[in-house]
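Thanks, everyone. Let me walk you through one structure this morning. Please have a look at it first.

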Amino acid sequence: MLEERLDLPEPMAFSSPEERAAAIAFFNAAFRAEESGLRQAHELSAVMANSDPELSECLKLYGDEEGWHRQLLTEFLAWLGGSVRPMGRTTRTFYSLYARAHRMESIVLVNLMFETIGSTTYRLALRRATHPAVRQMLTILTRDESFHVPLNVHFLRAALAQSSSAPWRLRALYHSTLAALLASTVPSRRRAESFDHIPRSVLAKAYATELSRLFLEEDDLGLAPSALQLRVLGLDRADLMRGASTVSLEAAEKAADRDRVVVS
Ligand SMILES: [Fe+2]
Ligand SMILES: [Fe+2]
């Protein structure tokens with residue numbers, strides 16, 4: 001991690017004050033996600049320290065990587081001419097609800113869903129970004145967050161193996177979190193669309209697609225969406241299963257050697 005540095009030349013020129021404000025909002029949201037991921041990973045690592053030292057170390061390293069992202073984002077925000085700002089109302093409510101989760105499988109499931117929408121958002125933003133420094137920042141985040149998705153699938157399996165709570169609880173959490181994430185695209189577009197140029201319909205569809213495909217593929221987790229849910233979300237099961245997943249275990253294996261990862 002420490003060998004990889006951001007190449008930040010002269011400050012970026014924005015086409016309008018709105019675009020600059022939106023860029024700062026976009027990377028502030030990323031900063032808060034990293035911060036939350038770091039804290040949750042280290043808390044879980046401490047919980048697992050005695051029962052499963054290897055899993056605990058893995059969680060520790062994963063949290064450290066989020067900490068590294070947070071550090072890069074702090075540097076990047078300064079380069080944009082911005083800074084880390086206090087959280088807005090929606091974001092604060094989101095993270096305070098999340099911080100109240102106690103069951104390990106609940107924490108990991110929400111984390112897994114955050115990683116999924118994070119890597120999806122970064123990838124969509126990368127598709128549209130042109131500035132080399134913005135592309136470098138988004139490439140690092142897309143690459144690492146894509147790896148965090150299958151990593152959290154692994155954590156979730158480990159948590160479920162130890163869990164005694166009823167499966168409906170996790171399903172209920174999945175559905176409420178999915179609804180909240182889809183709803184979050186409205187304020188997110190208001191704040192960041194002038195920078196990332198991702199239309200709301202595209203972002204919401206991408207969230208629904210990736211969060212459905214993930215659990216269709218990992219169907220032993222018991223969270224695969226039903227035919228009715230897919231119809232409500234406007235998705236087709238056959239289409240989902242056909243498309244190459246960027247967050248599958250296969251993709252994770254390809255991501256093992258960071259220097260050779262090609263972010264597509
Ligand atoms: Fe991260
Ligand atoms: Fe992550």
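Along the chain, the donors of the iron ion (ligand 1) are spaced E-x31-E-x2-H-x75-E. This is a predicted model, so keep that in mind. Which residues are the protein donors here? They are Glu34, Glu66, His69 and Glu145.

Now look at how far the chain reaches. Glu34 sits in helix H1, residues 17–48, and Glu145 sits in helix H5. They are 111 residues apart, so this pair links distant parts of the chain.

On to the other metal. The iron ion (ligand 2) is coordinated by Glu66, Glu115, Glu145 and His148, at 1.9 to 2.3 Å.

How far apart do the iron ions lie? The distance between the iron ion (ligand 1) and the iron ion (ligand 2) is 3.5 Å, and Glu66 bridges them.

Last point: buried or exposed? Glu145 has 3% relative accessibility, so it counts as buried. His148 is buried too, with a relative accessible area of 1%. Over in helix H1, Glu34 is at 2% and counts as buried.

Note on methods: Residues numbered from 1 in each chain as written. Chains lettered and ligands numbered in written order. Predicted model: local features only at pLDDT ≥ 70, side-chain atom pairs only at ≥ 80, totals over all residues. Heavy atoms only, no water. Donors = N, O, S within 2.8 Å, 3.2 Å for Na, K, Ca; no water. Buried < 20%, exposed > 50% of the residue type's maximum accessible area, 1.4 Å probe, protein only. Helix = DSSP H or I, 4+ residues; strand = E, 2+ residues; numbered from the N terminus.
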